[in-house]
Amino acid sequence: MTLDPTNQSAATAAISLDIMGVMRLLPHRYPFLLVDRVLECVKGERIRALKNVTVNEPFFPGHFPHRPVMPGVIIIEALAQTAGILAFVTADVVPDESTRFFFVGIDEARFRKPVEPGDQLVLTAKLERQMRGIWKFSTVAYVGADEVTSAQMMVAPETNKTAPKARA
């Protein structure tokens, strides 16, 4: 899969991905694939993606039956998946079964408004830095113009070169 569109420099080219492109870059599948589309991704800089929140999400019957609210931890996971896409695009990696990004830290998580069925989450991540195998992102989720969740998060890649060796 080629991530860079033709006729633009790789450093400044913004790409977009449909659900098939998202599934090539994330190992998650239903019910845990939480990114529906990438609107814009600039390698090494930023990403904007969508999650359409529907009433038939598997967590709504229990959270809460009288007023469905998307759990904050699920919003954080959607932001982490968005950051993971940006990391894979930045690293020019199309993951295979031995490639993973692990969530290693979160700071300053804030939940400002509830997310309900029918909302469309706009998920954003900005690459702040990468150092010694740790990638740090600032992330924000919006519904319309309203900021609903934000967090600083760190992820670490594991590829077939960095994975622990299997013991005999």
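Two strands count as paired if DSSP finds at least two bridges between them, and the strands (E, at least two residues) and helices (H or I, at least four) are DSSP runs numbered from the N terminus. The model is predicted, so local features need pLDDT of at least 70 and side-chain atom pairs count only at pLDDT 80 or more, while totals for chains, interfaces and linings use all residues. Residues are numbered from 1 along each chain as its sequence is written, and side-chain values use heavy atoms, with hydrogens and water left out.

Strand 2 (residues 37-42) runs antiparallel to strand 3 (residues 46-52), and five bridges join them.

Salt bridges are next. The structure holds eight of them, each being a side-chain nitrogen of Lys or Arg within 4 Å of a carboxyl oxygen of Asp or Glu. R46 forms one with E40, with the closest N and O atoms 3.4 Å apart, and another with E45 at 2.9 Å, N to O. A network of salt bridges links E40, E45, R46 and R48. R46 is partly exposed at 36% relative accessible area, where buried means under 20%, exposed over 50% and partly exposed in between (1.4 Å probe, protein chains only). E40 is partly exposed too, at 22%.
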